[in-house]
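Here is a short briefing to read alongside the model. It moves from a pocket to a strand and its partners, and then to some points of backbone geometry.

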Amino acid sequence: MATQEEASAKTLELKNTDKRDTLIAIEKKYQKIWQEQGLFNVDAPTTEEDPTTNPDELREHHPKNFATMAYPYMNGTLHAGHCFTASKVEFQTGFARMEGKRALFPLGFHCTGMPIKTSADKIAREIEMFGEDFAKAPPPEEEVEVEEKKVEAKTDPTKFKATKGKAASKAVKLRFQFEIMEALGIPREEIPKFADAQYWLTYFPPLCKEHCNNIGFRVDWRRSFITTDANPYYDAFVRWQMNRLKELKKIKFGERYTIYSPKDGQPCMDHDRASGEGAGPQEYTGIKIKVLEWAEEAKKELADKIPAGANVYMVAATLRPETMYGQTCCFVGPKLDYGLYQVSDKEVYFCTERAARNMAFQGIFPEKGVFPKLASVKGSTVVGTLVSAPLSIHKEGVRVLPMETVLATKGTGVVTSVPSDSPDDYATVADLAKKAEYYGIKKEWAELEIPEIINTPSYGGKTAEFLVKKLKINSPKDAKQLAEAKELAYKEGFYQGTMLMGEFAGMPVEKAKPLVREQMIKAGEAFVYSEPEKQVMSRSNDECVVALCDQWYLDYGEKEWRTTVEEHLEKGLNTYTSETKHGFEACLAWLNQWACARSYGLGSKLPWDPDFLVESLSDSTIYMAYYTIAHFLHKSVDGQDIGPAGIKPEQMVDEVWDYIFARRDLAPEVLEKSGISEDWLKKLRREFEYFYPLDCRISGKDLVQNHLTFFLYIHIAIFPPQYWPKGIRANGHLMLNGEKMSKSTGNFLTLDQMTQKFGADACRVALADAGDGVEDANFEESVANAAILRLHTLKAWCEEAVQDAKDGKLRDGPKDTFWDKAFENEMNELIAATCKEYEQTWYKAALKSGFYEFQAARDSYRESTQLIGMHKDLVLKFVETQALLITPIAPHWAEYIWQEVLGKKTSVHNELFPTPTAETDPALSSALDYARTISSRIASAEAAQMKKIKKGKGTGYDPKKAKKVTIYVSPNFPEWQAKYVKLIQEHFDAATMTLDEKAMKPIIGKMGEMKKAMPFIQDIKSRLFTDKVDPEIVFNRKLLFNEIDTLLEVLPTIKKITGANEVAVVKLEDGGKAGVFVKADRSEEKVENLSTVAEASVPGQPSFSFENIKTTVDVVLA
C-alpha cells in the first residue's frame, strides 16, 4: 500500500505557486463566509411565504431542483473520482440556483455493510499480533503467516453459517490494515482506535465535509446523516422501508442460490466484493459420468482409497443437457489437479477442489461447507478410463481423453464431449485421432461414431463439423474461429434446432432442453450445480462460492413490478444519454432475486428477524427522501442531537413515515401513537412533497447494474407515481492525466490533495473540462494548472478595467461603432449558448462558450478598438457577465469579482443567470467573422507575394516601405458557378443532410470544367457539412451582411493591423474588369483598367493588391 506521497508520485509538481496561493486565499475567505451564512441551506416555502397546500402548485410558484449523488462510503477520504461525480451535482445545483430555483444538494455518509467492520476486525487482530504500536510487524518483503478468525457459526439451520476452524493465509509482501490507515495520513498512534468499527463513523464524515467545503460544494450539511443503527432516526426509516416492502410482497423468504463468502459466513453482495462486482450465480447441469474401469495408472494410484461398494462419478458441468445423447468421450485437463470427494457411502465425485467447494454449500454433500477428500490425482493419470455417459448411444462406455484447454477456474474440470454439436469438441477429437500416439491414447478411443442428435436449418445434423470446415478450423488452438463457431452453433441449435434422438425427438430444442434436464435429474444421472459467473473475491480476501441459502430477498424481476419500471424508464425518466437508457434496459432484462440481508457487518436490523442486517445496496435505495426531512429530525449526523421538530427517534413509527411520504392521510391514531404534533407532521410532509420527486440522481455508470436499478424498483414500489424519479445521469470513470487512476503507479489524487495543489476553482475548471458523457473522462492536471494562470490573469484584468472605468479612462457615450455592436452581439450569442449548455448538463461545452470563448471575444474587441478604445459600458458588462457565466463552475472567483471588484452587496450565488440584451443578429455575427478574418487574409496574401519575391518572381514591391492595400469586392458570384450550385441543390437531401456525389460525378465530367468546378463544389460542401451553414443561405448565395459597409466600418483597424498607409475599397463591376472606388464618406469614384486579380474576387472573399509609390503588384489569396 503506497503512502499518499507515493500514490501521487507521478502527478504534476508545481513550483511557482504565488498566483495559486492568491486564489486560494480568496477561496478560503468566501468558503468561511458561505458556511457562516448558511448560504446553501435550502428549505421548502413555509405556509407564511405561500399558503398553497397543493404540491404541484407550490412547485410552480417556487421552482426547485433536487439533485443527489451516491453517498460516499466512509472507509477513507474522497478521491478525484468521487469529486468528478459530485461536480456534476454541484454544477447542476449552481446553475439551478441561477435559474431562480430552490436548489438542494444534500450529502450523507454511507457506513452500512462489511468494509468498515472487516477493516476494524483486521486492526484488532493486528494489535493482538504486533502490539498497539505495531512495532512487531514484519517488514513488507518478509513472508508471513497470519491467522484469520472465522465468524462464529449460527446454530439455527435456517440462518447463514460460517465454516468451522481457522485458515492460515500465506502471502509474500503481505500488507497490513494499519499500513493502509497510515497511507491515508492517519498517525500510527491513532490507528488502534479504528479497531472499533464505530470510530470510523466519527472520524471520516467530518473529513468528507471538510474536503467538500474546501472545493466549495454547495451542500446543505444540515441534512447529512450516517447510515446504520448508529443514527436511530435513519434506522427507523430503513426499518419502515423494509416493513413496507415485505407487506407489498416485494421481500420474500426462501431457498435460493447466491454468491456467498464461506469466511464471512453470509452472502457477498456487490458492495462487499473486492472484485467480481456484478457477477451472479451461473447454473449448470451436473452430469454424473460413472467410472466403469480405471486406467491402469489410476488403478494403482487409487487402490484402497475408494470405499468398497462405492461408485465413482466424474462430474461434468454442462449448459446443454439436451446434447447428452451425442457423448463420444469425456475430457479432463491432463495437467490439472483433481480430487475424489465422498458424497455418501455409495457415491464419490471426481472433480476439481474449487467445484467441490461450491457443491459443499449447495446441499450436495451431507454437511454444509464440508467436502471430504479421499484422494488427489492428476488429470493425465485417469486418461483412458472407461466411463458410462448417461443417454449416450455408446452403451458399452466411452473413454476419458486429454484436452489441454480445460480450465480449473470454470465448471468442474470435467468436460463431456459432444462432437456433433460442439465445434471445440469436434476439433479436439479430430486432433486426438490424428495424433493418438503423441497424446498416449488409442486412436479408436477418439473415433467413436458421432451421431446426429439435433437438426438445424443452416448446418444440418452435424453442426460442429459443418462450422469447423466452413471457418477453416485446423486445430483446437484456433481459438478465435472456435469462439465464433461456438456462438453460431449454440444460437442455431437452441433457437432453431429440432431434436432427432431420445424421448423428445421431433420437439424444438428450446422446449426439449428443460425436459431432458428434468428427466436426467429424476433418474439420478444429473443434479443442479451452480458457481459464480466469474471469480468473486470478498473484501475479507475470500474466494466466494455459490451457496443455496434460506434467506430474505427482494424479488426484483417479478413480472408486474419489472413492467412498471420499464414503462417509467421509457416514458417518465430522463437518462440524458441513450447509452444509459440501454444499460438500464439490459439490466432489467436479467436482474432477479437479490439477497437483502446479511449477518455480519454494520447496518440496520431486519425488523422481523433481528439476527440479520439490511445489506448495503438495500438500505440505500430511497434515502433521498430522508434528506428532505432529516434537518428537522436531528442536528448531528448520528442523530444524537434532536432537531428543531423536537421529535425523538422512538416517535418515528411506521405510520408516521407513511404520512410524511404521502402513502396515507393523517388520522387521529397516527397522532396518538406517535405523540408528534399535527403542525410538525404537516411541515415534514410539505418538505417532502415540495422537493420530491428527485430531479436528478447522478452516479458512475457502473452502478446502473445494481444501485441505480434498485433505486428505480424501490421508488416505484414505495411511492405514489408523482414521486417517482425524474432523471438519472450516469457518468464515466475518471482518468488522471490520460491514464487510469492507480495508487500503485503513483497516478492518484485525493480530493484534499487536488485542492491543496491547485486550489478549488482551478480544480473545478479541470473537472468541468474532463468530460460529460458516459465514456471515461479525463482530469488533466495541466488544465488545472493553466486555469490558475487564466483565473489570476483575468482577475487582474477585471480589477484594472473596472478601475479604469471609475477613473474615466474608458470611452463613454453612444455604443455605435461596428466593434461595439459586434461585441455586444457576440456576448449575447455566447450567453444564450452557455445557458443552453448548462441546461443540457454539458459542462465542458458551457466552459468553452462561457469562459474561453467569452474571453476570446473580449480579446478580439480589445485588439480591434485600439485606436478608439473600449467602451466603458461594454467592459463593465463583460466583467459582470463573465462572473455570472462562470459562477456554477468557479464560484469563488466569481464571488470575488462580484463583490470586491464590482462592489455588489449580495452574493453571486443569489443572482440570476444573465440573459441576452437582444436576440443574436446573424448578420452582425457573420460581419464580425468577416472582419476578423480580413486582416489575416491580407497578411496571408502579402506573405505569399513575399515568397514569390524571394524566388525572384516578384517585381519591386517592398512591404517595409510605405504601402497601399486595395481590396477588391465583388457583389456577384461568377456566372459559371450557378449551374454547379443548381446541380448540388438537385442532389442534396435537406432532411438527411446528405449529398449524392456518386450521381453527380458523371454529370460534372460531361460539363468539361472539372479542374475549375471541383474546388468550388468542395467549398460548397464545406459550408454545408463542416461549417453547418443553413442550406438556404448556401444555395441562395447571398451574404447576410453588406460587405462594403462592413469594410468601411473596420478600415481603421485593418489599416493599423496591416501597417498600411492607405487602404482602398473597390466595388467591382463588369465581371471585375472595372469598378468604383468607395470612399469613407460612401461617395464613389469610377476606376477602370483593373488588374486581372480583381476577377478572382467573389462575395465574402475579396482579392487584394499591394503597391508602393510607383510599383503595383497584384496578388490573389489562394
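## A pocket, a strand and some backbone details

Three helices, α26 (818-839), α30 (922-950) and α33 (1010-1026), each supply at least two residues of the lining of the second largest pocket. Please keep in mind that this is a predicted model. The pocket has a volume of about 1,600 Å³, and 48 residues line it.

**The second largest pocket**

- Closest to the centre of the pocket are R1023, D1027, L1039, G1100 and Q1101.
- Among the contributors, α30 gives the most to the lining, with 10 residues.
- By residue class, the lining holds 24 nonpolar, nine polar and 15 charged residues.
- Because domain 2 (783-923) and domain 3 (954-1108) both give residues to the lining, the pocket lies between them.

**Strand β21 and its partners**

- Strand β21 (residues 545-554) is largely enclosed by the rest of the structure, because eight of its 10 residues are buried.
- On one pairing, β21 runs antiparallel to strand β5 (residues 251-261), and 10 bridges join the two. Here F253 stands opposite W552 of β21.
- Strand β22 (residues 594-595) also runs antiparallel to β21, joined to it by two bridges. In this pairing, L554 has W594 in β22 as its bridge partner.

**Helix α25 and the residue after it**

- Helix α25 (residues 781-806) has 26 residues, which should span 38 Å at 1.5 Å a residue; the C-alpha atoms at its ends are 38 Å apart, so the two values agree.
- Just after α25 comes G808, with a positive phi of about 75°.

**Backbone features in loops**

- As background, most residues other than glycine have a negative phi, and most peptide bonds are trans.
- The peptide bond joining Y692 and P693 is cis, with omega about 10°. P693 sits in the loop between α21 (678-691) and β26 (696-700).
- T228, a residue other than glycine, has a positive phi near 80°. T228 belongs to the loop between α7 (197-214) and α8 (232-247). With a relative accessible area of 1%, T228 counts as buried, because the cut-off for buried is under 20%.
- K249 is not a glycine either, yet its phi is positive, at about 65°. The loop between α8 and β5 holds K249. Its relative accessible area is 61%, so K249 is exposed, the cut-off being over 50%.

Methods
Residues are numbered from 1 along each chain as its sequence is written. This is a predicted model: local features need pLDDT of at least 70, side-chain atom pairs count only at pLDDT 80 or more; totals for chains, interfaces and linings use all residues. Side-chain values use heavy atoms; hydrogens and water are left out. On a 1 Å grid over the protein atoms alone, a cavity is a set of points where a 1.4 Å probe fits but cannot get out, and a pocket is an open set with protein on both sides within 12 Å along at least five of seven lines; lining residues have an atom within 4 Å of a point. Grid points are joined across faces, edges and corners, and a volume is the space filled by probe spheres set on the points. Helices (H or I, at least four residues) and strands (E, at least two) are DSSP runs, numbered from the N terminus. Ala, Val, Leu, Ile, Met, Phe, Trp, Tyr, Cys and Pro count as nonpolar, Asp, Glu, Lys and Arg as charged, and the others, Gly among them, as polar. Domain bounds come from an automatic or database domain assignment. Buried means under 20% relative accessible area, exposed over 50%, partly exposed in between (1.4 Å probe, protein chains only). Two strands pair if DSSP finds at least two bridges between them. The expected span of a helix is 1.5 Å times one less than its number of residues.
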